[in-house]
Amino acid sequence: RLIRNAGVAGNNTAQALARIDGEVLPYRPTACDVCIGTNDIAPGAGITNLPQSETLANIAAIYDKLRGAGIWVRAYSVLPRAGFDAGMAARALAINDFIKSYWSSHSGGEYIDIFTGVVDYTSTTCAPKAGLLTDGTHCGNVGAFTIGQIIAPYLAADRWVRNSILPSSVAQDYAINNAVAQYA
């Protein structure tokens, strides 16, 4: 089984969408894990956040391109993040609702809710549970293990066969380059 990381640290949904045709589709993966959206809400250095309508349109376009190429999509919820304000938290929840709704009415993929396993439900700004994210955004060992337990049944599915692509917006300098790879 070949896994290829097509993720680029800090990409927002527009940047990820622009890379699908050249960096994902030519590899003809069986499955593609898509964990994206947080950089549209709380961008890193040099990244411009996007209006919510553009974020949702980009996410749908990414899913549509992958589905159109016959690639099974595992669509992950946006993770909670330290430093979100109430507006950012509302955007994260709306993105997750959109992703869930998209996959309830489309075939060729599935929604995987990692948000509920990581969020601190006492927080009004969708902060993560203490000790799960090393810097408030990226998984530490406990966070990766926690999320790994959530996604293990999906990774065991027959669709995880050949040439899976793991696009995300997680920084490349962590011990394992990709959030989904960390979870796995």
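Buried means under 20% relative accessible area, exposed means over 50%, and partly exposed lies in between (1.4 Å probe, protein chains only). The model is predicted, so local features need pLDDT of at least 70 and side-chain atom pairs count only at pLDDT 80 or more, while totals for chains, interfaces and linings use all residues. Residues are numbered from 1 along each chain as its sequence is written, and side-chain values use heavy atoms, with hydrogens and water left out.

**Exercise 1.** Decide whether Cys 126 and Arg 28 are buried or exposed.

*Solution.*
- Start with Cys 126: its relative accessible area is 7%, so Cys 126 is buried.
- Now place Cys 126 in the chain: the loop between α5 (115–118) and α6 (141–155) holds it. Helices (H or I, at least four residues) and strands (E, at least two) are DSSP runs, numbered from the N terminus.
- Look at the backbone too: Cys 126 has a positive phi, near 60°, and is a residue other than glycine.
- Turn to Arg 28: with a relative accessible area of 59%, Arg 28 is exposed.
- Arg 28 is found in the loop between α1 (13–23) and β2 (31–34). Its phi is also positive, about 45°, although Arg 28 is not a glycine.

**Exercise 2.** Describe how helices α3 and α4 pack.

*Solution.*
- Two packed helices are described by the angle between their axes and the distance between the axes.
- Axes are lines fitted to C-alpha atoms, for helices over the stretch in contact, and angles run from 0 to 180 degrees between N-to-C directions.
- For α3 (residues 52–68) and α4 (residues 86–104), the angle is about 30° and the axes are 11 Å apart.
- The two helices are therefore roughly parallel (angles under 35 degrees; over 145 is roughly antiparallel, 65 to 115 roughly perpendicular and the rest oblique).
- Contact means heavy atoms within 4.5 Å. Among the residues that make the contact are Leu 56, Ile 59 and Tyr 63 of α3, and Ile 95, Phe 98 and Tyr 102 of α4.

**Exercise 3.** Find how many disulfides the structure holds, and check Cys 139.

*Solution.*
- A disulfide is a covalent bond between the sulfur atoms of two cysteines.
- The test used here is a pair of cysteine sulfur atoms within 2.5 Å.
- The structure holds zero disulfides.
- For Cys 139, the nearest cysteine sulfur belongs to Cys 35 and is 8.6 Å away, and Cys 139 is in no disulfide.
- Cys 139 has 6% relative accessibility, so Cys 139 counts as buried.
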